[in-house]
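Take a moment to turn the model around on your screen before reading on.

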Amino acid sequence: MKQSQLFAKTRKETPKDELSLNAILLIRAGFIDKLMAGVYTFLPLGLRVMKKIEGIIREEMEKVGGVEIFMPTLQPKFNWDQTGRWDTMDDLFKLDKSKDSELALGPTHEEVISPLLKRFISSHKDLPRYIFQFQNKFRNEKRAKSGILRGREFIMKDLYSFHANQKDLDEYYEKQKEVYARIFKRLELEEKTYLTYASGGSFSKYSHEFQTITPAGEDIIYICPKCKMAINKEIIEDLENKCPNCGNTNLLEEKAIEVGNIFKLGTKYSAPFQLNYQDEEGREKPVLMGCYGIGLSRLMGTIVEIFNDSKGIIWPKSATPFQVHLISLGQNEEAEKIYAELEEKGIEVLYDDRDISAGEKFYDSDLIGIPIRVIMSKRSLENGGIEYKLRSEDKSRIIPLNNINKEIETFYLA
Ligand code: ATP
Ligand code: MG
């Protein structure tokens, strides 16, 4: 993409109404725009990052049998009355249009998927099922001050699993744990992300959260350095301040953000909707459910909180909006050729073809944070090629024009 076509511009000044680093950097670099507290537009660069994250999650969900659907945002009160959550869920956005047509904007989708699956599950032969979606969720969060870490409208992947028995649910739950770990690894968050014991709700003793350590986090967790696991503060007393895995009492307190959460729901939602099946002997039994959530916009914010320096964002390879930032300093004819060649090879290029100073181009490039920058200038051509620099390093070097491809491919394969 040519940068002259990117309508969203970068900003030098810090937006006055933002306190959080992720929102400040993303707004300044032109990835998002704030509409109101906790509600943001994803601009072209931001949307590309979101699509990268979505692609990774989709691939991983499909590897464990996930089948994608798209459920409605607008949901009738009737369904929420079945589970009693119309009155108990504090942050539910309700649209009281009239007494007869009360609606809510979906904060989660158990109330839609459970009656949906009731139409398609009747026998043990219809189980198990694993169904997921990417959807905007709405929650009237009281403290929407953390940029895209806590939106009032935000993007989530939610997968729901349906099982005939506990063993099957338990096994699938363990698979999802591994899949989640793989997603965080692909996003280069694995070092800072901990599988964390959290409260389980009514059905199971614990649920598991995936917590990423960052000062921007709103949760407190206790890490067991031996097991590389953690415990959420909300249950540390119940666990007598010990690691539930190895009994270690030397736990480290950290601030963290919950990037994902997996839950064994059991019959919590199947019971109110009579989501049942017939077993081999023809007996009617409730379906057991699990749910597996991950916040895409929160993940994007978390990545920014972790990967940045004083000049801007430094994207991990798998989430970067473009693979290469090509900058032309008065050599548009030559740069144009390279741009076409790279695109031809399937490399994602942001090409700065704008008629502005070198200083401004470099400033924007640092802010945007694409991992590789290549600069086409009179000097680089005189020296036999193009200047190649990583966003994470200060030094640059000249590489011959016909080597660019290979350099880029090698970098992204490493
Ligand atoms: P929190 O305790 O941070 O409010 P939660 O327990 O309400 O999170 P879940 O209902 O389990 O979150 O939602 C699944 C995932 O959706 C979370 O792990 C998180 O990644 C994401 N998420 C939840 N609330 C928000 C929000 N307001 N903004 C952005 N992402 C969110
Ligand atoms: Mg919440």
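Helices (H or I, at least four residues) and strands (E, at least two) are DSSP runs, numbered from the N terminus.

Some ground rules come next. This is a predicted model, in which local features need pLDDT of at least 70 and side-chain atom pairs count only at pLDDT 80 or more, while totals for chains, interfaces and linings use all residues. Residues are numbered from 1 along each chain as its sequence is written, chains are lettered from A and ligands numbered from 1 in the order in which they are written, and side-chain values use heavy atoms, with hydrogens and water left out.

Let us stay with Ser310 for a moment. Is Ser310 buried or exposed? For such words we use the relative accessible area: buried means under 20%, exposed over 50%, and partly exposed in between (1.4 Å probe, protein chains only). Ser310 counts as exposed because its relative accessible area is 77%. Its C-alpha atom is 9.1 Å from that of Leu367, although 57 residues separate Ser310 and Leu367 in sequence.

Now look for ligand 1. Which pocket does ligand 1 take up? The space taken by ligand 1 is the largest pocket. To find pockets, a 1 Å grid is laid over the protein atoms alone; a pocket is an open set of points with protein on both sides within 12 Å along at least five of seven lines, whereas a cavity is a set of points where a 1.4 Å probe fits but cannot get out, and lining residues have an atom within 4 Å of a point. A molecule sits in a cavity or pocket if more than half of its atoms lie within 2 Å of its grid points.

Who are the neighbours? A residue is near a molecule or strand if one of its heavy atoms lies within 4 Å of it. There are 13 residues around ligand 1, and Glu141, Arg150, Gly151, Glu258 and Val259 come nearest. Strands β8 (153-163) and β13 (252-266) each supply at least two residues of this shell, and the largest share, four residues, comes from β13. By kind, the shell divides into four nonpolar, four polar and five charged residues. Here Ala, Val, Leu, Ile, Met, Phe, Trp, Tyr, Cys and Pro count as nonpolar, Asp, Glu, Lys and Arg as charged, and the others, Gly among them, as polar.

Zoom in on the oxygen atoms of ligand 1. An N or O atom in the side chain of Arg150 is 2.9 Å from one oxygen atom of the ligand, and an N or O atom in the side chain of Arg298 is also 2.9 Å from an oxygen atom of the ligand. Val259 takes part through its backbone, where an N or O atom lies 2.9 Å from a ligand oxygen. Taken alone, ligand 1 exposes 590 Å², and the protein buries 82% of that; accessible areas come from the Shrake-Rupley method with a 1.4 Å probe, and for residues only the protein chains shown count as cover.

Next, visit strand β10 (residues 206-213), the place of Thr212. Thr212 is buried, because its relative accessible area is 0%. Its side chain is joined to that of Thr193 by a polar contact of 3.0 Å. A polar contact is a pair of N or O atoms within 3.5 Å; within protein, one must be able to donate a hydrogen and the other to accept it, and residues adjacent in sequence count only if both atoms are side-chain atoms.

Finally, the backbone deserves a look. Most residues other than glycine have a negative phi, and most peptide bonds are trans. The peptide bond from Leu127 to Pro128 is cis, with omega near -5°, and Pro128 is found in the loop between α5 (110-118) and β7 (129-138). Glu240, in the loop between α7 (233-236) and β13, has a positive phi near 55°. Glu240 counts as exposed because its relative accessible area is 54%. Gln274 also has a positive phi, about 45°, although it is not a glycine. Look for Gln274 in the loop between β13 and β14 (276-278); its relative accessible area is 48%, so Gln274 is partly exposed.
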